[in-house]
Amino acid sequence: MRYAPVTERLAELGSAKWAVHYRARELEREGREVILLTIGEPDVNAPEALLDVAQRAMRAGRTGYADGRGEADLLDALAERYSARLGRPMGHGHFIAFPGTQTALYAVLMAMAEDGCEVLVGDPMYATYEGVIRACGAAPVAVPLRPEHGFRMQAQDVARAITPATRVLFLNTPHNPTGAVLRRAEIAALLDLARAHDLWVISDEVYEDLVYGPEPFVSPFALDAERVVVTNSLSKSHAAAGFRTGWCAGPEAFCARLLPLAETMLFGNQPFIADMTAAALRAPDLVAEGLRRRLRRRLDLVHGRLDGHAGLRVHRAEAGMFALIDVSGAGRGDGTWFAESLVEATGVAVMPGASFGKVLTDWVRVALTVDDAVLETACARIADHAAGAG
Ligand SMILES: Cc1ncc(COP(=O)(O)O)c(C=O)c1O
């Protein structure tokens, strides 16, 4: 049988990056006590109030086909939220509902890029970005996100990477895995480049509501209404990843072009989930406020226990669910060595930074989504391991 090339382009991505996570699961099955700090999911369930909305809607018969763009009330709720946040009027035509950011990213890239195009994306990056870029046939081109700039993308690094084949600048603010929040002036400089080179800009804003540092979140879409397309969802802000509910927000002309593709993929989303999403958007802090507080506290905990200990350095994230630790100062090996040996020696599973890009070769990523007491235990084991004692 013959397969389409996309199956080969995507075949080698993925599983190798998660080797430490799978190893931890294996150790768990063998009866070892394991602390999983590899995956970041909100540490609470989706709020009862939203479950009630979804359940009531299901029982009220909201189980048929939905409108291909999204249910009218959901589009109203999105328009209300974005009009308020961006300070300009938005209507239904600026949005399309998707089952999560991931699907939105896939569809948005399909509408922007193709074989022979280049997509500029930060290194490090969220684990699935390479896949969504390669799926449409384009090539990812890494723009280094430098620790000395707080891992925030700088226009001069982007300028160096632009070629005649560049079609898209792929931003993620707040950023996974670094927790960096792009500043307004940095975004303005990036948008100047995008305009000068006629690039689309994608802004993945899935951590928008999880900013706990001093700098406010600024959406690139607030600064440019013509070429920026936002993707977002309830997965993080409302602890609702399993509902698979998200959207894209962008220029009306772009959304009009994308709509037939979205309809071809999805034939609409589930109306009862649309109702729950609309309710969530109108009460946005049901989960995020508490989550922000706990994440901030746990980042402080990891910082207090590990920064400066045995040569470790903990990066001060400004948002999101992760702490990054530079292990090079411990002098025992790079981040991959550290993560692989840590899980074997202590049962603590963290992600090697290299899973997210070259820039993080010497780093590991620690999820801040476990109880404080568990995180304390994990920190003690990480500290011992760095010191050669664990
Ligand atoms: C940066 C980033 N984008 C997108 C996603 C996927 O989000 P969703 O559940 O909305 O598909 C994640 C999930 O971890 C993420 O970290």
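1. Two bridges join S12 to strand S13 (residues 363-367), and the two run antiparallel. Strands here are DSSP runs of E with at least two residues, helices are runs of H or I with at least four, and both are numbered from the N terminus. Two strands count as paired if DSSP finds at least two bridges between them.

2. A word on the source before going on. This is a predicted model, in which local features need pLDDT of at least 70 and side-chain atom pairs count only at pLDDT 80 or more, while totals for chains, interfaces and linings use all residues. Residues are numbered from 1 along each chain as its sequence is written.

3. Back to that sheet: it is open, with four strands in the order S9-S10-S13-S12 and antiparallel pairing. At its edges lie strand S9 (313-314) and strand S12 (351-352), each pairing on one side only.

4. Another open sheet has seven strands in the order S2-S8-S7-S6-S5-S3-S4, and its pairing is mixed. Its edge strands are S2 (95-98) and S4 (139-144). On average, neighbouring strands of this sheet are turned by 25° against each other, direction ignored. Strand S3 (residues 118-123) is joined to S4 by six bridges, and they run parallel. For Glu 118, the bridge partner in S4 is Ala 139.

5. Now for the helices. H5 (residues 101-112) and H10 (residues 252-266) pack at an angle of about 130°, with axes 10 Å apart. Axes are lines fitted to C-alpha atoms, for helices over the stretch in contact, and angles run from 0 to 180 degrees between N-to-C directions. H5 and H10 are therefore oblique to each other (under 35 degrees is roughly parallel, over 145 roughly antiparallel, 65 to 115 roughly perpendicular, and the rest oblique).

6. Which residues of H5 meet H10? They are Ala 107, Val 108, Met 110 and Ala 111, facing Arg 257, Leu 258, Leu 261, Ala 262 and Met 265 in H10. The contact divides into eight nonpolar, no polar and one charged residues. Nonpolar covers Ala, Val, Leu, Ile, Met, Phe, Trp, Tyr, Cys and Pro, charged covers Asp, Glu, Lys and Arg, and the others, Gly among them, are polar. H10 also lies across S2 and strand S7 (228-233), at about 30° to S2. Contact means C-beta atoms, placed from the backbone, within 7 Å.

7. Finally, the shell around the ligand has three nonpolar, eight polar and one charged residues. Among them are Tyr 126, Asp 204 and Ser 233; a residue is near if its C-beta atom, placed from the backbone, lies within 6 Å.

Methods: Two residues are in contact if their C-beta atoms, placed from the backbone, lie within 7 Å.
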